[in-house]
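Colleague: I would like to go through the labels given to this model and ask what stands behind each of them.
Modeller: Go ahead.

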Amino acid sequence: MAKVVVGMSGGVDSSVTAALLKEQGYEVIGVTMNVWQKEMEEGCQVREKTCCALSAVNDAQNVAYKLGIEYYVLNFREVFKKEVIDYFIDEYIKGKTPNPCIACNKYVKFGALMNKAKVLGADYVATGHYAKVVNNENTGRYEIRKSVTDKKDQTYALYNLTQEQLSHVLFPLGDYEKEEVRKMAEKLGLAVANKPDSQEICFVDKDYADFIEQNTNYKAKIGNFVDKNGKTLGKHKGIIHYTIGQRKGLGISFSVPKYVVDINIEKNEVILGDNEDLFRNTLQARDLNFMSIEKLEGEMKVTAKIRYSHAPSDATILMIDAQTLECRFAEPQRAITKGQAVVFYDGDVMVGGGVII
Amino acid sequence: MIYLDNSATTPVKKEVIDEMIPYFTEFYGNPSSLYKLSRDTKRKLEDARERVATLLGADKDEIYFTASGTESDNWAIKQMARVNKKKGNHIITTKIEHHAVLHACEEMEKEGFEVTYLDVDSEGKISLDDLKESIKDTTVLITIMYANNEIGVIMPIAEIGKIAREKGIAFHTDAVQAVGKLTIDVKKENIDMLSLSGHKFNGPKGIGALYVRKGIRINSFMHGGGQERGKRAGTENVPGIIGLTKAFEVSTENREEKNKKVVELRDYLIERVLGEIQYSRLNGHRTDRLPNNANFCFRFIEGESLLLALDNFGICASSGSACTSGSLDPSHVLLAIGLPHEIAHGSLRLSLSDETTKEELDFTVEKLKTVVERLRDMSPLWEDFLKNGGEDNV
């Protein structure tokens, strides 16, 4: 009987994941990952609605006991701080907009947790992601495919997993709709059946810029808002407060709506423009990872997704040098943001992705 | 299963349970009631108090039963501080106390007390000169553990007691790890208050005691009925008290002989581990340590994985203290003896009992060798170390 470690957050999805795998005959071990930093616990900054809330341990433990599976709370504080929080902070300080969930998946859930799973003698790590992992018999490669439910599709944040990682991953929820999962939770009598979905960044309370200032020595430096031609429009609070496409919270009013269209870190300037200035036809990406293909040769038609909530759009991708990929969209896309991931699909199959530069 | 976590807790010995049983079923009377059933129960309770007092070199009226070692520590520290608030607001303790002491001290800081946390040397000992120098006119309490729960180091309690007594400062010691293993005489060692806990020496859980020397003024911590001479309210846990008392007595029978055997086994374990596992070290003083304690660090691996892997082989061990809920941070004790963060993360505490056998230790060492090797193979730190030609600055 294969052994599987299920990352349990105390939420509906991971609870049903554990239940399904047990039903399928796996020997299931539940693990809740303790990623809370001391200062967060003390300041109660951890939000209730996220997957990492402190109440998670109680809920997850209750579910595990109810299912009759082994259960551990294990420590991932250090790796989470290094690979997720510090990365998140560094990127913002560099004027980029990071996606911490991607880093968490690669280094924590399918990195450090997978290592612990090996220590426990487990063959797989499973999570409640709405995604499918398939071993393609023709290519011999492990692929991520979109789940049956488009609304909850969570493949985007998984683009960076290696073939080795994917060979030890199970996503049993990929075949279900969220509503079906809730029903299963109810049927199993799990008290978490009606818990709200987790959302936003688990370690940030309200304002990520406040979070950065409270948790580092970094002090946001006041600078200028400028227009496309370099003309000063007013003062900004420091670049970490802004992200591409942002309109609210600029602190000055204009006769027509103005948006953040770019950030110049050297000059400490935030460039404002009109909505149409946010549209671009192409983007470039590095830190690439390919899944369905080993490497990209020539041009390939795909659909591309530039942020978690973005609807995949038609594009052509090609390598322009050994490390850099160019993605040319059929239609201009709004607010292509440095630091975010771009992920490519061929129908339901994930081709790969990279970080927008 | 091999149980090597006797510093976390211990099984209750059969003779202890046998002595407890009548107090559940026969002498169940509430000791505070008037009728004969209760008067008989009360008599046994007071008899137990005397038996405990004798074993500590104390008088009967100096022993108060509590629900745990933690309660005893909290009571002694908080109420001793509060009662002396007008006299002074300074407390002296060490950096390697159990959290029951450290967190109680932190609470007193919130109430306006100043706390000195004494450093320890690389073997876990405090310097008596440091202690003397830290004493101020405002010092009202010195609280220093008898023996450390993680690395087993034994503190110079008699010397500390002498200093405190000369200065007229109350001296409390958390002796939770020492009672049942070491011979303690509160009078000779000038101890004013001492905490102990039943389940650490084959007694039941949920029962502890605090010794308070006559002449030391301390307020009640639990308010309610007039039990424990008005100092600790709550119906007495009579079966627990009987169990603690019996277990304490049993622990002193043939103590020297038992300790000699445990020390031999412990030293055998230490020698094998240090000799057969590369990049391992022993934490704490080599000889001034609890007879049953061995605490190791294995570089390049993390304590939590080590425990999970040993658990797979049925070996129960811990990484320092078992009192943190589920998860493990680098030990404050190992950081205090000067170990760098990454090494303080990879510790393993094996605590023996007088029933531990050489065969169990041989099995443990063999498994430990396998596990350490396997975890190092998975460790990026180990990989880096080998890449650098096996040299570094630590």
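Colleague: Which residues of H4(A) and H5(A) meet?
Modeller: This is a predicted model. On the H4(A) side they are A:Val79, A:Phe80, A:Glu83, A:Val84, A:Tyr87 and A:Phe88, and on the H5(A) side A:Pro100, A:Ala103, A:Cys104, A:Tyr107, A:Val108 and A:Ala112. By class, this contact has eleven nonpolar residues, no polar ones and one charged.

Colleague: Why is H4(A) called roughly antiparallel to H5(A)?
Modeller: Helix H4 (residues 77–93) and helix H5 (residues 100–119) of chain A pack at an angle of about 170°, with axes 9 Å apart. Angles over 145 degrees count as roughly antiparallel, so H4(A) is roughly antiparallel to H5(A).

Colleague: What makes E9 and E12 of chain B edge strands?
Modeller: Three strands of chain B form an open sheet in the order E9-E10-E12, with antiparallel pairing. Strand E9 (280–282) and strand E12 (347–351) each pair on one side only. From one strand to the next, the twist averages 25°.

Colleague: How do you know that E10(B) and E12(B) pair?
Modeller: Pairing needs at least two bridges. Five bridges join strand E10 (residues 293–298) of chain B to E12(B), and the two run antiparallel. One of the residues involved is B:Ala294, whose bridge partner in E12(B) is B:Leu350.

Colleague: What percentage of chain B counts as buried?
Modeller: Of its 394 residues, 46%. A buried residue has 20 or more other C-beta atoms within 10 Å of its own.

Colleague: Which helix gives the most to the side of chain B that touches chain A?
Modeller: Nine residues of chain B are in contact with ten of chain A. Helix H10 (residues 303–312) of chain B gives the most to that side, with five residues. By class, the chain B side has four nonpolar, four polar and one charged residues.

Terms used. Residues are numbered from 1 along each chain as its sequence is written. Chains are lettered from A and ligands numbered from 1 in the order in which they are written. This is a predicted model: local features need pLDDT of at least 70, side-chain atom pairs count only at pLDDT 80 or more; totals for chains, interfaces and linings use all residues. Axes are lines fitted to C-alpha atoms, for helices over the stretch in contact, and angles run from 0 to 180 degrees between N-to-C directions. Helices (H or I, at least four residues) and strands (E, at least two) are DSSP runs, numbered from the N terminus. Angles under 35 degrees count as roughly parallel, over 145 as roughly antiparallel, 65 to 115 as roughly perpendicular and the rest as oblique. Two residues are in contact if their C-beta atoms, placed from the backbone, lie within 7 Å. Ala, Val, Leu, Ile, Met, Phe, Trp, Tyr, Cys and Pro count as nonpolar, Asp, Glu, Lys and Arg as charged, and the others, Gly among them, as polar. A residue is buried if 20 or more other C-beta atoms lie within 10 Å of its own, exposed if 12 or fewer, and partly exposed in between; C-beta atoms are placed from the backbone.
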